[in-house]
2 protein chains.
Amino acid sequence: MTTLDAQAVTIENGLWARRQAVNRDAALPHGFRMLETAGNLENLRIAAGRSSARYRGPVFMDSDVYKWLEAAAWEMGRAPSEWLRSTSEATIDLVAAAQGVDGYINSYYTVAEPGKRWTDFAHGHELYCAGHLIQAAVAFRRATGDDRLLTIAQRFADYLHALFGPGRRVATPGHPEIEMALVELYRETGERRHLDLASFFLEHRGRGWLGPGRYNSSASFQDRVPMRDATTVEGHAVRALYLTTGATDVYLETGEAALLTALNRQWHDLVTGKLYLTGGVGGRHLSEAFGQPYELPNDLAYCETCGAIASVMWSWRMLLATGESRFGDLVERTLYNAVLSGASLGGDRYFYVNPLASNGEPEHLSRGGCIRKEWHLVACCPPNVMRQLATFGHYVATRDAVGLQIHQYAPARIVADLGPGPAMTLRMETAYPWEGRVRIAVEQAPTTSRTLSLRVPGWCTAATARVNGKPTAPPSKGYLRIERAWQHGDVVELDLPMEPRLTEAHPGIESTRGCVAIERGPLVYCLEQADHPDASIADLEIDTEAPLESSWVSGRLEGVTVVRGSGWAVDTAPWKDRLYRPVGRAAPAARRRTALTAIPYYAWANRGPGAMRVWIPRGAGGGASRPSGDSAP
Amino acid sequence: MTTLDAQAVTIENGLWARRQAVNRDAALPHGFRMLETAGNLENLRIAAGRSSARYRGPVFMDSDVYKWLEAAAWEMGRAPSEWLRSTSEATIDLVAAAQGVDGYINSYYTVAEPGKRWTDFAHGHELYCAGHLIQAAVAFRRATGDDRLLTIAQRFADYLHALFGPGRRVATPGHPEIEMALVELYRETGERRHLDLASFFLEHRGRGWLGPGRYNSSASFQDRVPMRDATTVEGHAVRALYLTTGATDVYLETGEAALLTALNRQWHDLVTGKLYLTGGVGGRHLSEAFGQPYELPNDLAYCETCGAIASVMWSWRMLLATGESRFGDLVERTLYNAVLSGASLGGDRYFYVNPLASNGEPEHLSRGGCIRKEWHLVACCPPNVMRQLATFGHYVATRDAVGLQIHQYAPARIVADLGPGPAMTLRMETAYPWEGRVRIAVEQAPTTSRTLSLRVPGWCTAATARVNGKPTAPPSKGYLRIERAWQHGDVVELDLPMEPRLTEAHPGIESTRGCVAIERGPLVYCLEQADHPDASIADLEIDTEAPLESSWVSGRLEGVTVVRGSGWAVDTAPWKDRLYRPVGRAAPAARRRTALTAIPYYAWANRGPGAMRVWIPRGAGGGASRPSGDSAP
């Protein structure tokens, strides 16, 4: 499978169109103000000799500017914007002015640590910033045709080639990013040397070159074992998955089987031991790291927004590499839950940490802070969300030798050249993720027979499809495949029955013992305090034998399908002033019936501070009495 | 209540005598070697001008030497030792040589950062090291009569008085310790200025003077609110409880009610939201801090050994301040579990982190590393355990105006001058903590009537006592009180029935949901892999309706009472390769009956790496089916 052109998919309506509109109209302007407030732009001005201020912020401040530029580029690719054009052009001017005569750009090392370039690969983030510059440059070219930033990035790349590579300096970065950027630069320019340099950086990992720091082990830098020997995802979660993303990009261009084998092992390790239900990754606050298998606390979950984005980037490339629907499943789960939760509905507030439970306290390093901030001291997440939202369309469909594959469902127009003849042009209409019916109308088609493949999400066990009213063959290996000489007026109707469902977790996970979660379609649900004024979220139990009902509520949280169930509010008064007590000495806990109202996880924390939980204890009489797996809703 | 003399209680046999013998014969010699290996002694030699090596280790290296000296002093107080005498004298020589002409001693600031004294109160640990020097000096005086180290410490204290105090420099230390040390110096010397300086340091807390650091908030330094306004224990757990310990010491000398009120509030916050069943404190790895209420993960527990020791020191002083048995209860719980677990049975391996569950992986920052290390880069815990073990006898008894109170039970001889007439001399015989019967024989007594008070541990609901065969009045407010004109030959028999019991935890604690713990007497039990060769500890459930039986096993772990129960090993094969699944779709989990063998928590990790858990899921049919509190064993 290969990607479609950047403009091949247009999101026309629904949840993602709304999120993209907010991204464009609120998040990008807000983000640009924050880049000014936090000093990112001023740092570049100092580097350009236009300011005499002092450098502010951590070493990787430039990267936030580049990610903002990348998001702006994709948004301009969706539709012109005079403000985005003029603002990004002025910013590119600034980047150009900050570039040294040798091609190097990095405001921190130019301003704050002159003469110290390339002295701290573990923490310096120089190659990380370079990577984001290259990605932004490629985005400008692809989305707008403007290659001014690409010229700047290529000069920087030339500098890197002069410095690093076989026969020159050995290096590998503490924070991966350059790898995927160089592969993209190779794809954009056709210059093989960029792919080779990406491979070079990968080859020098896992040989202890970065060395353990005072607070970091080799594992935390993904420098413990060589790439092809890796069996686990470990250490800093964002770094780990940026690395696997870059490695998958290299695989996509080289086809080296040993690399894909290692990447498949690592992905298996992720999804069988280190993945939150939301798609969130990186459970540990300490070192922002993956924990050991089953180490997935809810309130103490780290789940950095950038980790979820990294996971989407990686699984997308694994999907391209293998065509296996499970990778599309994880892209979907992660986008709808762990990524969307990173930003407020208004687009101007951001979570860095995305816990699966919160006691409603706003503290950041806590059992789930519940207030998104307007920006962060380390502000990697906000502009990362911006570029992710702007590119949702890129994840919708792919093509291969025999046809077109649709992986994500949204109201969209898709145009893909499957040759010969006219480009395949489809209009997808759906209320997804709120309803599971998808109507795909063919507006134009190639002249020969082509296969349209529709991903059947792993959560759906009863998918059916009809072509012009006639049932198709059942799905196989995660896809409904329809080969046909398509014609204008053909209509495919896909039905993905979307009932609310209860999910349980591996008994090895301490935090979910005795609990279930509510899901519906691709969405993970949660209980939030705002919907339960008469009980504390901490005291709620669910009756897993009571029915779950879903209904659309247009006035809540910009429109969501809520799921209603029944449970109990447990009286914890007998526990007042004590943490532990002998079993059997106290009277049974009193409890009262109460209605439960679950909202999509992504929408929590948009109504002021309050408690939240994804995993809900099973109330007695609701299945908790039986061995795991023995209870049916 | 006031303390007895340092030599008033001699532990003669049993668990604590064994631990003290190991402390003396193995831990102290091992520790001294480690102080040489790690560089602590060499740092002092450099400061003394006897070495040209480079400073090694963190800034507080001197404090480990002082804690070792303190432990050595108490051990010499218990019994002479030529090796301890000559070794500690040589070490005191070294400390003396490292002291500046102005009285200042600190090898780090003398060697590594000359000219930088008192420039970093938040992190510099100068007052912390000074405090440990003073405490060691007081210990030498009290235990051995030797006041050479006290002279050194007093010169340092003079220097501190010249620098800090009303009208001089304002300061408060990032890591408390100086406060309790100065109060002890006041007690030892009678010089009021030492108490005043301790109060001065306390007064300047909570006023933001330390300032938030890059990674630390004011709360993490206990500098958020003034002492008397404190309502919670927060931030770095060891610092927090060293501070409350010092503040309680100040209260004990000043009697200021507002201070005790605040300390009582903080203690209440500790025991109702932030205390592990083992007595461990400080749940968070990140910043070594107290979490929010109910944030008590098992495998991710931090529970630094020093935190448990700090908790013992604090509750001991709260007991002195109030005479309330609940403080003696927590001293007991913490000593027998969270403190003892810090050292190996052999005395030469140490935990820094004391988790309540481990998956058997040896990784340190993990779901419970399971290998004690011979020493640590930050080696505060090992010598802290040494001084704690050496002083167990100090926690056994107190006296007040009307008599003697016994708080901890162990085979011991107690001599306390309760005047008039001969000193009260008691011989306590017991197999505690393995059995609950305690026989106290009066060998000598004062000439007037005195009250002997025996703490009835909170875990015991059926305590009885007899004097010369005749039942006493029942306990009241946690003590059995016996007033009597005691005579040689009187015998008190205390019976604290000690059946294994099941304990459950507050439903707000995520990590213990659906679980119970086994306790017996003061001991918390755990399941360890070594006793369960046929099942994975992670897969075990307990049948809470099956009987628990205890039996002494002399050949295991230097002799322990094990508790045997029944439960199941759950077949988790259906979960292979998946973390989440729909409720009700899978068949009931297969499981097989299996015997459970629990060992005292303190003794875990002495038989090689292996999994461990304190909290055990209730198996179905074993009470999990009923509302909390509804199941009886």
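Begin by selecting A:Ile11, which stands opposite A:Ala412 in S6(A). This is a predicted model, in which local features need pLDDT of at least 70, side-chain atom pairs count only at pLDDT 80 or more, and totals for chains, interfaces and linings use all residues. Residues are numbered from 1 along each chain as its sequence is written, and chains are lettered from A and ligands numbered from 1 in the order in which they are written.

Next, select residues 412-416 of chain A, strand S6, which S2(A) joins through three antiparallel bridges. Strands are DSSP runs (E, at least two residues) numbered from the N terminus, and two of them pair if DSSP finds at least two bridges between them.

Widen the view to the open sheet of seven strands, whose order in chain A is S2-S6-S7-S8-S13-S10-S11, with antiparallel pairing. Its edge strands are S2 (9-11) and S11 (470-471) of chain A, each pairing on one side only.

Now move to strand S16, residues 523-528 of chain A: six of its six residues are buried, so the strand is largely enclosed by the rest of the structure. Buried means that 20 or more other C-beta atoms, placed from the backbone, lie within 10 Å of the residue's own. A:Leu523, A:Tyr525 and A:Leu527 point one way from S16(A), while A:Val524, A:Cys526 and A:Glu528 point the other way.

Select A:Arg520, opposite A:Leu523 in S16(A), then A:Gly521, which takes a positive phi near 55 degrees in the hairpin of S15(A) and S16(A).

Finish at A:Leu527, whose bridge partner in S21(A) is A:Ala598 and in S22(A) is A:Arg613.

Key:
A residue is buried if 20 or more other C-beta atoms lie within 10 Å of its own, exposed if 12 or fewer, and partly exposed in between; C-beta atoms are placed from the backbone. Helices (H or I, at least four residues) and strands (E, at least two) are DSSP runs, numbered from the N terminus.
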